[in-house]
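Here is a short report on aromatic ring contacts.

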Amino acid sequence: MLNSDIYLKESLYDLLSLWRTPAFFLPAMLFPLVFYVFFGIVFNFSAAQGEYMLVSYACFGMMGPALFNYATAVASDRAQGWLTLKRVSPMPLSAYLVAKFFSSLVFAACIALLLFITAALFADVQLWLWQWSLLFIVLLVGTLPFALTGLLMGLCLSDKAAPAVVNLVYLPMAFLSGLWVPIQFLPDTVRYIAYGLPSYHYSQLAHAVIGTNQGHNLWLHGIYLVAFCGVLIAVIYWRYQRLSR
């Protein structure tokens, strides 16, 4: 079997397993949509507010599948010995990791499209085609730091602790980054905290597509996220080597 076939089959099987778990994908898809309906449509006072909240809640929603899919699945596979079996099998472990990221991207794409359609139909959000396309790409690519964060959690936490810890990281990080309430309305202390969070830099790159970012240099956001991913990869490699001994 070709390596490409292994990656493809592993990705499809992982996606199928998630589709058979409504407890995972229904909250992941509906939670950001409900938030957007309330704050981007019901309490929407202008088209500009609808656009701003669309980007913020899209970032919030798309972080979730990457974090939870890696953290909970890897922690569970470790506890059940499935990860050990994968490690000693002929299949490359990278296929397992790529499959998780692929399934996370599929669900993230569904969340983005669901929010885009809702915003266009009910919030009077009107963007150029290139803006819709570029925003979609930035949102998808930007989930990588959160996938790596989830992977590290999955390698460090037990299967019972992982879901709770992910929520303890995910929800405060979203709030402190200005994804629920625009960051300019938050206290100055919170703004300083936001500068150190990947979710803030991720959202600023997404907001830049429609011109609603805070005006900082986009290269700084990109460099931060690349450096953040680099550090996480190094820590993940170290943690994985310790588990392999």
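The text below covers the aromatic pairs of this predicted model.

The structure holds 19 aromatic pairs. A pair of aromatic rings is described by the distance of the centres and the angle of the planes. Two of the pairs are tabulated here.

| Pair | Centre to centre | Angle between planes | Class |
|---|---|---|---|
| Phe35 and Trp180 | 5.5 Å | 50° | tilted |
| Phe116 and Phe136 | 6.4 Å | 65° | edge-to-face |

Take the tilted pair, Phe35 and Trp180. Which parts of the chain does this pair tie together? Phe35 lies in helix α2, residues 22–42. Trp180 lies in the loop between α8 (162–176) and α9 (188–194). The pair therefore ties together parts that are 145 residues apart in sequence. Is Phe35 buried or exposed? Phe35 is buried, at 17% relative accessible area. Trp180 has 23% relative accessibility, so it counts as partly exposed.

Now the edge-to-face pair, Phe116 and Phe136. Phe116 belongs to helix α5, residues 93–122. Phe136 belongs to helix α6, residues 129–141. This pair therefore ties together parts that are 20 residues apart in sequence. Phe116 counts as buried, because its relative accessibility is 8%, under the 20% cut-off. Phe136 is partly exposed, with a relative accessible area of 21%.

Finally, the cluster. Phe35 and Trp180 both belong to one aromatic cluster.

Definitions and conventions. Residues numbered from 1 in each chain as written. Predicted model: local features only at pLDDT ≥ 70, side-chain atom pairs only at ≥ 80, totals over all residues. Heavy atoms only, no water. Phe/Tyr/Trp six-rings, centres within 6.5 Å; stacked < 30°, edge-to-face > 60°. Helix = DSSP H or I, 4+ residues; strand = E, 2+ residues; numbered from the N terminus. Buried < 20%, exposed > 50% of the residue type's maximum accessible area, 1.4 Å probe, protein only.
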